[in-house]
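Hi everyone, thanks for coming. Let me put the structure on the screen so that we can walk through it together.

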Amino acid sequence: MPTLTPILFPKATDAEATDRTALLLILEYVEAECRRLGADAAARHAALAAAMMPGDHVPAGTRLN
């Protein structure tokens, strides 16, 4: 069975890290608003987009704001 090779990304600069954090906050807000409005599929898409962002990820369930 083949093994998966992890993708290594270069270390982000401070500006890139700030941009990434801002995008994660926006996606978390979009997810929450979609859930509030009852748009569960759209909320899942926002959560998936946040999970697919490259870089160091925060642990699942951690609040970013």
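Which side chain meets that of Arg-35 in a salt bridge? The partner is Glu-31, with 3.2 Å from N to O. For anyone new to the term, a salt bridge is a side-chain nitrogen of Lys or Arg within 4 Å of a carboxyl oxygen of Asp or Glu.

Before going further, a word on what we are looking at. This is a predicted model, where local features need pLDDT of at least 70 and side-chain atom pairs count only at pLDDT 80 or more, while totals for chains, interfaces and linings use all residues. Residues are numbered from 1 along each chain as its sequence is written, and side-chain values use heavy atoms, with hydrogens and water left out.

Now the overview. The chain has two helices and zero strands; helices (H or I, at least four residues) and strands (E, at least two) are DSSP runs, numbered from the N terminus. Of its 65 residues, 12% count as buried. Here buried means under 20% relative accessible area, exposed means over 50%, and partly exposed is in between, using a 1.4 Å probe and protein chains only. The chain exposes about 5,500 Å², and carbon and sulfur atoms supply 66% of that area. Accessible areas come from the Shrake-Rupley method with a 1.4 Å probe, and for residues only the protein chains shown count as cover.

Let's go back to our salt bridge. Arg-35 and Glu-31 both sit in helix α1, four residues apart, about one turn of the helix. An α-helix has 3.6 residues a turn, so residues three or four places apart point the same way. Arg-35 is partly exposed at 41% relative accessibility, and Glu-31 is partly exposed too, at 21%.

How many salt bridges does a search of the whole structure find? The search finds two. The side chains of Glu-33 and Arg-36 form a salt bridge as well, at 2.9 Å from N to O. Those two residues are also in α1, three residues apart, again about one turn. Glu-33 is partly exposed at 24%, whereas Arg-36 is exposed at 59%.

Let's stay with α1. This helix has 24 residues and reaches 35 Å from its first C-alpha to its last, close to the 34 Å expected at 1.5 Å a residue. The expected span is 1.5 Å times one less than the number of residues. Arg-20, Leu-24, Glu-28 and Cys-34 are buried in α1, and what covers the buried residues of this helix includes α2, residues 40–51. After α1 comes Gly-38, with a positive phi near 85°.

On to α2. This helix has 12 residues and reaches 16 Å from first C-alpha to last, close to the 16 Å expected. Which residues of α2 are buried? They are Ala-43, Ala-46 and Ala-50. They lie on the same side of α2, because they cover an arc of only 60° around the axis; that arc is taken from the directions from the helix axis to the C-beta atoms. These buried residues pack against α1. Turn to the other side of α2 and you find Arg-44 and His-45, which are exposed.

Here is a pair that links the two stretches of sequence. Leu-25 and Ala-50 are 25 residues apart in sequence and 9.0 Å apart in space, C-alpha to C-alpha. Leu-25 lies in α1 and is partly exposed, at 30%. Looking at the chain as a whole, 58% of contacts between residues at least 6 apart in sequence join residues at least 24 apart. A contact means heavy atoms within 4.5 Å.

One last stop, on the surface. Leu-23, Ile-26, Tyr-29 and Val-30 form a nonpolar patch with about 390 Å² of accessible area together. Patches are made of residues with over 30% relative accessible area and no salt bridge, with like charges joined within 9 Å and nonpolar side chains (Val, Leu, Ile, Met, Phe, Trp, Tyr) within 5 Å. Tyr-29 lies in α1, residues 14–37, and is exposed at 55%.
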